[in-house]
Every structure is written in C-alpha cells, then in structure tokens.
Amino acid sequence: MLERLARWGKAAEDAVLALLLGAMIALACAQIVMRNFLDSGLIWGDEALRLMVLWLALAGAIAASRANKHIAIDVLSRFLPPLGQRVSRIVTNTFTAAVCAFVAWHAGQFVLQAYQYEDELLGGLPAWWFQVIMPIAFALMSWRYAVFVVVDVFKPTRAIDPSPS
C-alpha cells in the first residue's frame, strides 16, 4: 500500500514538473511572438512566468529531495569508513531537515501576512494562493530528510567480513 502511494506521489510530482515546464515554455513563447509580431502581449504574462519559475524551482527541489539527490559537497565522506559515512549522513540530513523546517515556518508566516494584508497578484487574485507552495515545499522537504535520518538511525548494520575475498 505504501509503495503504491509512493509511486503515485512520484508520478504526481513528475506530472506537476512537466506541466509547469510546458506551461512556462508555452507562455514565454506566446509573449515573445506577441511582442515581436503583434506589438502586444499579455499584461499578466511576465508576472505569471515569475510565479511559475518559483513553483518549478520548488517542485524540482521536492523531486530532488525524494531520492536525496540535492547538491552536496561530498569530500569528507569518501575517506570515512561505512559507520563514519552513516554518521555523516545522519548529521547532514538532520541539519537539512532543521533548516527546511525553519524556512517552512517563516515562509508560512510570510504567506499568512500576505493573506492578512490581502496582497494581490495577477490583476487582483489573492497572492497567498500562489505563495503557499513555499511553506508546503519546505515542510515536505523537511519531512523527507527527517525520514532519511530515521531510516539511517534504525537501518540494521551489516556485518563486515574482514577476510579477503
């Protein structure tokens, strides 16, 4: 059941990424054609593209976090024994989860203020509708890295056979 849910979640994330990228390309091309050949454009087009970049970047970060594929400087762990590598992963994933939780909290406060002050985007739509991706994305990434920590902490260690093969 959990594996099926994970597959559906992965498929949904990939679909959102593809849809956002396709919509961005289509809107940007439409803006270029309209400006160069029709001397017009969509008034809301540039603002929508900026919002789509935000959503695409955060959706990409979520997708990268599902497989622990974020950019990492992995110099030290190459020289560590397996236990040291595991401890290093636990420390870095704990730190990543904490930072993402911190950012999620403050992004939530930002969105709440946008809601309270009735900020608007795209010609009168509530800004918080478009900004809500920020706390959700960082909370999801925090959750995933916390799960990586729990898995690493409770993963059974394999006995290493010291005899040469």
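**View 1. A nonpolar surface patch in the predicted model: Leu-2, Leu-5 and Trp-8.** Together these three residues present about 400 Å² of accessible area. Leu-2 belongs to helix H1, which spans residues 2–37. The relative accessibility of Leu-2 is 69%. Leu-2 is therefore classed as exposed, the cut-off being over 50%.

**View 2. The largest nonpolar core, built from ten residues.** Its members are Leu-58, Ala-61, Ile-62, Cys-100, Ala-107, Val-111, Ile-133, Met-134, Ala-137 and Met-141. Three helices, H2 (45–66), H3 and H5 (133–154), each contribute at least two residues to this core. H5 provides the largest share, with four residues.

**View 3. Ala-137 and its contacts within the core.** Ala-137 is one of the residues of the largest nonpolar core. Beyond neighbours within four places in sequence, Ala-137 touches Leu-58 and Ile-62.

**View 4. Another core, apart from the largest one, with eight residues.** Leu-20, Met-24, Ala-48 and Ala-59 are among its members.

**View 5. Ile-90 in helix H3.** The helix covers residues 82–116. Setting aside neighbours within four places in sequence, Ile-90 makes contact with Val-149, Asp-152 and Val-153. A separation of 37 Å lies between the C-alpha atoms of Ile-90 and Met-24. Along the chain, these two residues are 66 residues apart. Met-24 is one of the residues of the eight-residue core.

Methods:
Residues are numbered from 1 along each chain as its sequence is written. This is a predicted model: local features need pLDDT of at least 70, side-chain atom pairs count only at pLDDT 80 or more; totals for chains, interfaces and linings use all residues. Side-chain values use heavy atoms; hydrogens and water are left out. Contact means heavy atoms within 4.5 Å. Patches are made of residues with over 30% relative accessible area and no salt bridge: like charges are joined within 9 Å, nonpolar side chains (Val, Leu, Ile, Met, Phe, Trp, Tyr) within 5 Å. Accessible areas come from the Shrake-Rupley method with a 1.4 Å probe; for residues, only the protein chains shown count as cover. A salt bridge is a side-chain nitrogen of Lys or Arg within 4 Å of a carboxyl oxygen of Asp or Glu. Buried means under 20% relative accessible area, exposed over 50%, partly exposed in between (1.4 Å probe, protein chains only). A nonpolar core is a set of buried Ala, Val, Leu, Ile, Met, Phe, Trp, Tyr and Cys residues joined through side-chain atoms within 4.5 Å.
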